Amino acid sequence: MKIGIFGTADEPIESALAKEIKSLGFDPLHIRADALDEGLPLSIIDNEYWYLGKNTNDIKGFYLRGIPGAYAPYMEKDDSLVLFDDWYTQYIHAREKASYFVSWLIALQHQKATLVNPPQAASVLQYKPFQLHVLKAVGAEIPRTLISNDPKAIKQFKRENKDVIFKPITGGAITRRLDASAMKNLDAVTYSPVIFQECIDGDDLRVMLVGDEIVSCVAVKTPQQHLDFRDDPSYSGGEAWYEEVTLPPVIIELCRKAARECGLLFAGIDIKKTKDGRWVFLELNSSPIYIDVEFKLGHQITKAIAELTVGKRKVKTKTL
Ligand SMILES: Nc1ncnc2c1ncn2[C@@H]1O[C@H](COP(=O)(O)OP(=O)(O)OP(=O)(O)O)[C@@H](O)[C@H]1O
Ligand SMILES: [Mg+2]
């Protein structure tokens, strides 16, 4: 039975997963996210989906590492990012390609294939404000939060909360402090809303929830204290270390509920654990990077994801 893996094909998570899927007796099929960019043949013939000459309608499970979004193409020139001259044509192609892939995946889901994770649950775009909404609704503690493009509201929030951070709605950038120099640039925020939050001091926990089970929970440690640990060069250099953390049952249940309500079968959940014992939830990642934790601590994350994708781990998940 075929199991799809959608991604770049040369990523450690994808190759580790393909190996586990094989050892469970299934047949992994890599779908390259750049297949359409490379002009490889893909067709939908009378509702049958074909990839490089293979009929894929019998795919029973799919792991989504990431789907190319509908972005205008850009390149670096003289230290700045510039659009291609034919950016509009390329943007339209990107939009059509993204729609093709997402339609294919949700068609598979419609015929009851397991999608880890469904594209509408953050594999294409992240929906952090929705996640914060869900987290609060299920009873999890989240930082005090303002999501806004209104400099007046932001100034007020800063007065009330003093130590404030900001980060983009769709992720993908280092979290920064709302310090004096950022306050000077507040007018730029009118172009698009930004997430502002009270700064929570504490350990950075990464919880890996696969189906209903927590398969790994660690505190991420780096040599120097950074607001966002990814800002520490030793983290990207592989020098981070991890300390195992045991979650109380009530926090485990909140992780399960939040993932379910967000439509995620598998989630990398970021939590701040404060010295005075609070568990403050930040976000749920639909396709977290975890290989380093697996390698250093031996947590069997890939195996669990493979079992989930082939249908050997059941989970009651609300579909978005
Ligand atoms: N309110 C906050 N208080 C303290 N630290 C925070 C806060 N929000 C974010 N951070 C720090 O920044 C890191 C990144 O923030 P977050 O996990 O919310 O989004 P993200 O990882 O940037 O999103 P993505 O993974 O989609 O790029 C967190 O792991 C944490 O270390
Ligand atoms: Mg994060």
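Helices and strands here are DSSP runs, numbered from the N terminus. All views show a predicted model.

**View 1. A cis peptide bond joins valine 116 to asparagine 117.** Omega of this bond is near 0°. Asparagine 117 sits in the loop that runs between strand 9 (114-116) and helix 3 (128-138).

**View 2. Aspartate 46 and lysine 162 both have positive phi without being glycine.** For aspartate 46, phi is near 45°. This residue belongs to the loop between strand 3 (42-45) and strand 4 (48-51). Its relative accessibility is 75%, so aspartate 46 counts as exposed. For lysine 162, phi is about 60°. Lysine 162 is in the loop between helix 4 (151-161) and strand 11 (164-167). Lysine 162 is exposed too, with a relative accessible area of 58%.

**View 3. Four strands form an open sheet in the order 10-13-11-12.** The pairing is antiparallel. Strand 10 (145-148) and strand 12 (176-177) are the edge strands, and each pairs on one side only. Two bridges join strand 11 to strand 12 in the antiparallel sense. Isoleucine 165 stands opposite arginine 177 of strand 12. Helix 4 packs on this sheet and touches strand 10, strand 11 and strand 13 (194-198). The direction of helix 4 makes about 165° with that of strand 10.

**View 4. Asp270 and Glu283 coordinate the magnesium ion (ligand 2).** Asp270 contributes OD and Glu283 contributes OE, at 1.9 to 2.1 Å. Aspartate 270 lies in strand 17 (residues 266-273), and glutamate 283 lies in strand 18 (residues 279-285). The pair therefore ties together parts that are 13 residues apart in sequence. Aspartate 270 and glutamate 283 are both buried.

View 5. Buried residues in helix 2 include Ala94, Ala98, Phe101, Leu105 and Leu108. An α-helix has 3.6 residues a turn, so residues three or four places apart point the same way. Among the elements that cover the buried residues of helix 2 are strand 1 (2-7), strand 2 (27-32), strand 6 (61-64) and strand 9. Strand 3 and strand 4 are also part of that cover. Just after the helix, lysine 112 takes a positive phi of about 75°.

**View 6. Glutamate 307 is a buried residue of helix 9 (residues 301-310).** Its relative accessible area is 16%. Buried means under 20%, so glutamate 307 falls in that class. Leaving aside neighbours within four places in sequence, glutamate 307 is in contact with Leu24, Lys312 and Arg313.

**View 7. Phenylalanine 6 and phenylalanine 62 form one of the 12 aromatic pairs in the whole structure.** Their ring centres are 6.3 Å apart and their planes lie at 45°, so the pair is tilted. Phenylalanine 6 is in strand 1 and phenylalanine 62 is in strand 6, 56 residues apart. Phenylalanine 6 is buried at 0% relative accessible area. Phenylalanine 62 also counts as buried, at 0% relative accessibility. Ring pairs link Phe6 and Phe62 into a cluster with Tyr49, Tyr51, Tyr100, Phe101 and Trp104.

**View 8. Tryptophan 87 and tyrosine 88 make an edge-to-face aromatic pair.** The distance is 5.6 Å centre to centre, with 90° between the planes. Tryptophan 87 counts as partly exposed, at 35% relative accessibility.

Technical notes
Residues numbered from 1 in each chain as written. Chains lettered and ligands numbered in written order. Predicted model: local features only at pLDDT ≥ 70, side-chain atom pairs only at ≥ 80, totals over all residues. Heavy atoms only, no water. Buried < 20%, exposed > 50% of the residue type's maximum accessible area, 1.4 Å probe, protein only. Pairing = 2+ DSSP bridges. Contact = heavy atoms within 4.5 Å. Axes fitted to C-alpha atoms, helices over the stretch in contact; angles between N-to-C directions. Donors = N, O, S within 2.8 Å, 3.2 Å for Na, K, Ca; no water. Phe/Tyr/Trp six-rings, centres within 6.5 Å; stacked < 30°, edge-to-face > 60°.
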